[in-house]
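Student: Could we take a close look at one part of this protein together? I'd like to go slowly and learn the terms along the way.

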Amino acid sequence: MEVGTIISQSSTQNFLFAITGNVKKGNYVKVETQEGELIGFVTEIVRDNKYFSRPEFVREAENFGFNLEEQFPASSWEYLIGEVKILGVLKDGEEERVNLAPSPGSKVFLADEETLKKFFGFDENGLEIGKIKLHDLNVKLNTTRLFKKHLAVLGISGSGKSHLVNVLIEELLRKENSPAIIIIDPHGEYTNFSQDPKFSFKTKVFDGKEIRFATQDITSFGFSELIPDMSSAQRRDLSSILKKLKEGKKSFTIEDVIKEVKNSEFDKKLKNALISWLSELDSLNLFSNVNFPTINELARVNGLSVIDLSNIVNLKEKQIIVARIGRILFEERRRGNIPPFIFIVEEAHQFAPHKEESLAISKGIIEQIAREGRKFFASLVLVSQRPVRLSTTALSQCNTQIILRITNPLDIQHVEESSEGITKEVAQMISSLKVGEAFIVGEAVNSPVLIKVRNRSVEGKKDKSMEEAIKDFVEESKAKKEYIDCLLYTS
């Protein structure tokens, strides 16, 4: 459908067109050029009228009591101008860079579905996560392109991040052979998969309070990850202790390690510090002589494992769980013992923070998976509401970013600097996105695309109103009081 004609000066980056058809801000348009079909995104629509273009003329007319609309055909001189950001050119089914500016006078058309599918590189058998806004075109992303080089999902609280991740998981689980999915769930937002008839048989939920790691499987390097202040000398001493225990026992606990350290002839100062650190780890009740869950329970083809940390308050405890699970997954995948996996980390800024919290226990393994995981199909998905607090190393390795609404200028700047695919126009529009709207940029698409995320089928937790929360609190308090009174009466 023809919607206008290019006017004035155009460049290889932008052009203006006089609107003659039905087109809106956010539409994709195309123009026939020497190089092929040029594709652009309507970034703004301006309404103008030559009768009202000179403020001094309007002021003088009003001072003399003239009504311009009655004296002149002002309304018939009103017109619309569309501003377009050029995205690329489609030639022989391939997206290419624009080298020649489109000619003024060229006709502008609304881009059709087939053209957009080819231009953005959508996959008919891919993951259907939503529609292109205003075009009613299903957005289907190729699984390998989306996940192999890692993904970041960014947006403020309430922008729809968890909703989007739910949709991605649904799409993956619907496939016959999908990677193992392991998600770090700090708020219990993904446990509903275990209650949905379509996905319950593919889902296992592991309560963070029940997770245990086998001490005998942790090397001295593994302990140094959990104890960042450990010196190389202490690591060497601990290595000899672990070697001795492994020679004498098939399994052992941290208590056994502490006992051996106490009985050793190590330097007293270094020994006391090591005992203190090991005792602190032991007090977290995360270590045993067995693993729960086992690696085969965690990483299953076409299976979802939810690590529910909603009952854990201690951030260090949560970071240790993420560090150990991430380390085990990566090492076992590197050895080929488990299937390709997708490791989703919600609230990623807590587990791989930027400079000010550089000693976060889980940061090292997250950055390592980000740097090396693509070689082994060990995929990482970082979900965060504060990109500026997220490790630049990890974020920069996420070659695809799905960006929902972000309002903090520092966060927008951080996202813009960490991704080559984010243009100035995209960065300017991020703060005005509505809930559920998102830009996809990077490896998964040939060019940045604005979408509306589809509805999910797995029912999420319902948000309570303030009144409902107060009512629930009062009822729970009343029930507790009645229970205590009953105990006191019977005793």
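Student: What joins strand 3 to strand 4, and through how many residues?

Tutor: A hairpin does the joining, and it passes from strand 3 to strand 4 through two residues. Before we go on, this is a predicted model, where local features need pLDDT of at least 70 and side-chain atom pairs count only at pLDDT 80 or more, while totals for chains, interfaces and linings use all residues. Residues are numbered from 1 along each chain as its sequence is written, and side-chain values use heavy atoms, with hydrogens and water left out.

Strands (E, at least two residues) and helices (H or I, at least four) are DSSP runs, numbered from the N terminus. Strand 3 covers residues 28-33 and strand 4 covers residues 36-49; they run antiparallel, with six bridges between them. Two strands pair if DSSP finds at least two bridges between them. Look at Glu32 and you'll find Glu37 of strand 4 standing opposite. Strand 3 also pairs with strand 7 (residues 107-110), again in the antiparallel sense, over two bridges. There, Val29 has Leu110 of strand 7 as its bridge partner.

Tyr28 is among the residues with the most contacts inside the largest nonpolar core, a group of 123 residues. Such a core is a set of buried Ala, Val, Leu, Ile, Met, Phe, Trp, Tyr and Cys residues joined through side-chain atoms within 4.5 Å, and buried means under 20% relative accessible area with a 1.4 Å probe, protein chains only. Apart from that core lies another, of 15 residues, and Val31 is among them, along with Val3, Phe15 and Leu38.

What's a cavity? On a 1 Å grid over the protein atoms alone, it's a set of points where a 1.4 Å probe fits but cannot get out, and lining residues have an atom within 4 Å of a point. The structure holds one cavity of 30 Å³ or more, and about 90 Å³ of space lies in the largest cavity. Strand 4, strand 5 (78-91) and helix 16 (424-430) each give two or more residues to its lining. Helix 16 provides the largest share, three residues.

How values were computed
Buried < 20%, exposed > 50% of the residue type's maximum accessible area, 1.4 Å probe, protein only. 1 Å grid on protein atoms, 1.4 Å probe; cavity = no way out; pocket = protein on both sides within 12 Å on 5 of 7 lines; lining within 4 Å. Points joined across faces, edges and corners; volume = space filled by probe spheres on them.
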